[in-house]
Structures are given as structure tokens and as C-alpha cells.
Amino acid sequence: MADATALIVIDMQRDFCAAGGYAAQAGLDVRRLSSVIEHIGMLLDAARQSQLLVLHTREGHLPDLSDCPPQKRARSQAAGAAIGSTGPMGRLLIRGEYGHGIIDQLAPLPDETVIDKPGYGAFYKTDLEAILQRRAIRTLILCGVTTEVCVHSTLREAVDRGYECIVAGDACAASNPALQQPALDMIAVEGGIFGRVAGVAEALSFIKGAP
């Protein structure tokens with residue numbers, strides 16, 4: 001099973017999970033977004049012990065913003081967190097800045113791949129699909145932030161490409177608590193059109209190959 005399964009940890013960056021980052025500047029509750037760190041850490045530990053392919057994603061843009069659509073920049077500015085503006089951890093959502101990095105608690109190991117993505121979905125303008133194909137991956141376990149945006153965008157892209165997907169629901173956090181359950185509920189419509197939702201305990205059992 002390990003040879004065909006990958007864990008994707010989505011956007012657990014300081015810009016989303018720490019005070020002073022993009023999310024905090026936009027008025028989001030970073031305490032909520034960081035509340036899933038412990039559960040994601042459990043998934044990471046199990047995946048590493050089972051020798052699953054582990055991938056981390058980071059949302060962010062080139063310093064000259066040439067890969068950031070004007071509409072996205074305008075939306076971020078309207079939210080009070082203009083992409084590329086300067087915050088306490090450097091320029092918001094800019095590659096190479098301190099805020100763009102993954103939080104220390106979930107830091108990638110040296111042999112784990114980090115996917116830098118300019119969009120919400122992890123397949124858009126990245127080499128994620130090529131990496132998965134080289135390893136003959138068929139099943140993806142997804143966790144991270146935010147449930148309704150980057151997790152869902154990556155999930156939908158993956159399903160369209162034929163991957164079986166499991167979303168670890170209690171290892172994901174929405175920007176607004178009112179959006180968390182609806183975002184998880186829509187995964188299961190039409191017989192599981194976007195895969196299925198599992199709790200961390202179930203996801204751990206799957207990773208470890210338990211019945």
C-alpha cells in the first residue's frame with residue numbers, strides 16, 4: 001500500500017498559521033488554522049514510519065509577482081493583506097520570505113519534496129503530477145489549510161486526474177468555522193464524488209495498513 005499512497009500536507013506555512021502572516025493580516029483566525037498542527041504531525045509521523053511518499057505544498061509568488069494574476073492581487077488588497085506587501089515576517093506570500101516557509105512543527109525532512117504553487121490547487125503550474133506518476137501513486141491523503149480553498153482545489157484537481165482521495169477532516173481547518181463542515185460534506189455527495197472524509201484515527205489505520 002505504501003508504494004501507491006502519498007500524504008500531501010497543504011500550505012502549513014507561517015503566512016497562514018502564525019501571527020503577522022498573510023492570514024492574520026487578512027483578519028483570519030490563525031489560532032483556528034494552527035489548531036490542526038498536532039493531528040497533521042501524527043499523520044506525518046505515521047507516513048514517515050510507513051515510508052509513504054510525503055509532499056508539502058506552499059502557496060506563494062515570485063518576488064516580481066509575475067505569476068500572480070492581477071485579480072488575485074486585487075482580492076488580497078481588498079482583504080487588507082495585499083500580496084507582496086511587507087509584514088512582520090517579510091513580504092506576504094512571496095517565495096523565499098520567512099512567512100512563506102512551513103512552520104517549524106511540521107518542517108519537511110531533507111528527502112521530502114516541497115511543491116511551490118502559485119495557485120490554490122497543487123497541480124496548477126507545478127510538477128506534482130509528474131512526481132506522482134513516477135512513483136505510480138494511486139491514492140492521496142490530504143490535510144492542511146484551508147479546507148474550503150486550497151485543500152478543496154487540490155482535491156478536485158486530483159479527482160479529475162483519477163486519484164483516489166481521502167481527506168483527513170480533523171487535520172484540515174477552514175478560514176471560517178462555519179465553512180468547515182459544509183466543505184467536508186460536499187466531498188461525499190453523489191456516492192463520494194470527491195473521495196471520502198476520514199478522521200485522523202481512521203487515516204492512521206489506513207496508513208499503517210490496519211483493517
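A charge is said to sit over a ring if NZ of Lys or CZ of Arg is within 6 Å of the ring centre and within 35 degrees of the ring normal. In this predicted model, the charged end of K72 meets that description over the ring of Y120, 4.7 Å from its centre, and the charged end of R14 sits over the ring of Y98, 3.9 Å from its centre. Because the model is predicted, local features need pLDDT of at least 70 and side-chain atom pairs count only at pLDDT 80 or more, while totals for chains, interfaces and linings use all residues. Residues are numbered from 1 along each chain as its sequence is written, and side-chain values use heavy atoms, with hydrogens and water left out.

F16 and Y22 form an edge-to-face pair, with 6.1 Å from centre to centre and 85° between the planes. Both F16 and Y22 are buried, a word that stands for under 20% relative accessible area, with exposed meaning over 50% and partly exposed in between (1.4 Å probe, protein chains only).

Salt bridges, in which a side-chain nitrogen of Lys or Arg is within 4 Å of a carboxyl oxygen of Asp or Glu, number 9 in a search of the whole structure. In one of them the side chains of K117 and D11 meet at 2.9 Å, N to O. K117 lies in strand β5 and D11 in the loop between β1 (5-10) and α1 (14-17), so the pair ties together parts that are 106 residues apart in sequence; helices (H or I, at least four residues) and strands (E, at least two) are DSSP runs, numbered from the N terminus. Both K117 and D11 are buried. Another salt bridge joins R31 and D29 at 3.4 Å, N to O; here R31 counts as exposed at 67% relative accessibility, and D29 is partly exposed, with a relative accessible area of 34%.

Most residues other than glycine have a negative phi, and most peptide bonds are trans. Yet a cis peptide bond joins V145 and T146, with omega about -15°, and T146 has its place in the loop between β6 (139-145) and α7 (147-160). L65, in the loop between β2 (53-59) and α5 (70-78), has a positive phi near 60° and counts as buried at 10% relative accessibility. L93, found in the loop between β4 (90-91) and β5 (113-117), likewise has a positive phi, near 55°, and counts as buried at 1% relative accessibility.

What of the cysteines? A disulfide, taken as a pair of cysteine sulfur atoms within 2.5 Å, is absent, since a search of the whole structure finds 0 disulfides. C143 is in no disulfide, and the nearest cysteine sulfur, that of C172, is 6.2 Å away. C143 counts as buried at 0% relative accessibility, and C172 counts as buried at 3%.

Conventions: Rings of Phe, Tyr and Trp (its six-membered ring) pair if their centres lie within 6.5 Å; planes under 30 degrees apart count as stacked, over 60 as edge-to-face and the rest as tilted.
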